[in-house]
Amino acid sequence: MEKSFSRKPVRTLSPEVARKIAAGEVIDRPNAIVRELLDNAVDSGADSITVEIQGGGIDKIRISDNGSGMTKEDLIACARPHATSKISEAQDLMNITTLGFRGEALASVAAVSRLSISSGNWKMKASLTEDHILEEIPPVQNGKGTIVMSEGLFENYPARRMFLKRPASENLMCRETFVEKALPRPDISFRLKIDHSLRLDLPQGVSLSERFVSALELKETPELFAELKASGGTEWSFKLVIGEPSVFRTDRKQIYIYVNGRRVNEYSMIQAIEYGCQGFFPNGTHPVAALFVEMDPSLVDFNIHPAKREVRFRDSSALHHGVSSTVKDYFRAYGIKNAGDTDAGTTEELPVPGFDFTFDSIKPAPALTISSPLEKSFSNSSGSYYSKGSSSAPATSSSSGRDLRSRFFNYENNHGPKTINEGIFSAKEIALEALQQDTSTEPEVKKEQEAPEFTIPDSSGFSFIGSVMDCFLLAQLNDTVYFIDQHAAHERILFNKILASGGEKQNLLIPYKIETESDEEEKYLDKVLPLLDGAGFEGKNTGKGIFEFSTVPVRWKGTEEDLRSALLDKLVKPEEILYSVAAMTACKAAVKDGYVLDRGAAEALAKEALTLTDPHCPHGRPVWTTLTKEQLFARVRRTR
């Protein structure tokens, strides 16, 4: 069906329609009213604010504060379009220090609901159909502060009201907005009442981490969160509340970014936090954190979004680097402190070049000092293992006497032991090598020595119990049993050795060739080539976007595609190249789930795991977990 077209003249909208359109940009649902009125309450200098919601905020929203209040003249002018006390000239937009500044909020609320404001002994009523009506009343709240109330939202705008959700859903969004505004201001008490029921009571005078935990009603305690601080001179500073590695989520919903008191959608700052967390949180998980940035107002522009949800920085690179570096240094220090015994709640300072950096320590795990190093332990043991479920696993029957376990030991007799400390010799390689040997005669089977069921504790109180589930090593230290993830432990040990090896290289018979797909990728690889060379990857740009690598680290177990993925798919930051490559190399070289270690190698690995200063694998998983004697007694309900 064809539509007929007729030209219509340009005309000026009526004030009523224009106000509704303008209001729709600012007030789209009840929580937008809560947002704007809370901004004004905080700007008033109040230290106590109460929010009351009824019917999802559609029926009523009432916000009271004990701030500076409003005069009669203020009440007459406050709900006019573009009326504000926050700015007066265009230049003020480049130096905004308040939350509400546009002068549109109260006029927009009046355009879509019945607005009333009481302060001192005056009350003002305004709506789309009624201009400012001022009446004298008895003093409210003992003459302190202001009460602002919105009723009957979208009564005069049925089309907009049709798209509101049920009151319960609108209540939830109003609550989220309330929490969002309360998070950065622990110096103010906030109370939220929904349908006459007190839902949140956040007292003033608490720490940022305490406000963070109580406002979000997290299951974790404030003691599991650290408060970090850093400064970039007069241009910016920030405070960051972040949970330890045991506090994580599967999404980024609980990473909050604030700039000058406003919560904003700023992915670059979330990215900075996560860059700093790399290697300390398990893959696919994210930290729980809130970043509170204070920046020179002339360096940031909030006047780009009606709801002030987005921000534009003049240059955020220094801030980005400050956040990521501070987070990284904290978690590295956390790993070291986690191996010592320090009281929780103390504050220590670590020097970070260019930043003022402090953090609240987390209660650490017990430390262990082993007298003999891992290398000596491995050199005194065979270090052998086989892969469960693979072709090199011990056979159930001794068909012709040629089970693969005997072939494994025969290989070891001919070529010497392959220790874990030297790297991985896969089950497939062992099987192929064994099958290539002369099988016309029976190979000599190396008999395993019967190991004691329980190792006698050494001078440090350490004793090795054994392996379980072909994945965990069990060891006892005094009255604590340690369940050690053999892959995570070996991965961390290899990772530390790779970083300490100074980029030892081995030549490739066939060089890796990585082809870039854009100028940005080519410039990125050109920039990181020196760093890659330091990690053991010697490469050059051969032209036309093709990079050729002639060496790899001596412990590298990856492929050409693995290297390409690490560099171009994940786009690792240049300064993180060494860490990322070392982590990938260690992960591929470490023993896997299902590899059964002989007793000597397993005991040495367990000992070394308990000496790690940072008991986490490079990807953030804990190396071990514990079960104390007291915990075990409690589980079997034993008192002594």
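How many of the 9 residues of helix H7 (residues 208-216) are buried?

A: Let's begin with what we are looking at. This is a predicted model, in which local features need pLDDT of at least 70 and side-chain atom pairs count only at pLDDT 80 or more, while totals for chains, interfaces and linings use all residues. Residues are numbered from 1 along each chain as its sequence is written, and side-chain values use heavy atoms, with hydrogens and water left out.

Now to helix H7: 7 of its 9 residues are buried, so this helix is largely enclosed by the rest of the structure. Buried means under 20% relative accessible area, exposed means over 50%, and partly exposed lies in between (1.4 Å probe, protein chains only). Helices (H or I, at least four residues) and strands (E, at least two) are DSSP runs, numbered from the N terminus. The buried residues of H7 are Leu208, Ser209, Arg211, Phe212, Val213, Ala215 and Leu216. After H7 comes Glu217, with a positive phi near 50 degrees.

One of those names leads us onward. Phe212 is among the residues with the most contacts inside the largest nonpolar core, along with Ile49, Phe178 and Phe190. That core has 56 residues; a nonpolar core is a set of buried Ala, Val, Leu, Ile, Met, Phe, Trp, Tyr and Cys residues joined through side-chain atoms within 4.5 Å. Helix H2 (residues 30-43) gives the largest share of this core, 7 residues. Another core lies apart from it, with 33 residues that include Ile273, Ala289, Leu291 and Val311.

Leaving aside neighbours within four places in sequence, Phe178 is in contact (heavy atoms within 4.5 Å) with Leu38, Val51, Phe190, Arg191, Leu192, Leu200 and Leu202. Several of these numbers fall in a pair of strands, E7 (residues 189-194) and E8 (residues 197-202), which run antiparallel and are joined by 5 bridges. Two strands pair if DSSP finds at least two bridges between them. Ile194 has Ser197 in E8 as its bridge partner. Together E7 and E8 form a hairpin with 2 residues between them, and Asp195 in the turn has a positive phi of about 50 degrees.

Next come the charged residues. A salt bridge is a side-chain nitrogen of Lys or Arg within 4 Å of a carboxyl oxygen of Asp or Glu, and the whole structure has 17 of them. In one of these, Arg29 and Glu170 bring their closest N and O atoms to 2.8 Å. Arg29 sits in the loop between helix H1 (15-26) and H2, and Glu170 in helix H6 (residues 167-182), so this pair ties together parts that are 141 residues apart in sequence. Arg29 and Glu170 are both buried. Another salt bridge joins Lys181 to Asp39, again with closest N and O atoms 2.8 Å apart. Lys181 belongs to H6 and Asp39 to H2, so this pair ties together parts 142 residues apart in sequence. Lys181 and Asp39 are buried too.

For a contrast, look at Lys505 and Asp533, whose side chains meet in a salt bridge (2.9 Å, N to O). Lys505 is in strand E24 (residues 505-515) and Asp533 in helix H14 (residues 519-535), 28 residues apart. Lys505 is partly exposed, at a relative accessible area of 34%, and Asp533 is partly exposed as well, at 30%. Elsewhere, salt bridges with shared partners join Arg114, Glu151 and Glu155 into one network.

Our last stop is Ser150, in strand E6 (residues 146-151). With 0% relative accessibility, Ser150 counts as buried. Its side chain makes a polar contact with the side chain of Ser113 at 3.0 Å; such a contact is a pair of N or O atoms within 3.5 Å, where within protein one must be able to donate a hydrogen and the other to accept it, and residues adjacent in sequence count only if both atoms are side-chain atoms. Beyond its neighbours within four places in sequence, Ser150 is in contact with several residues, including Ile33, Asp59 and Arg114.
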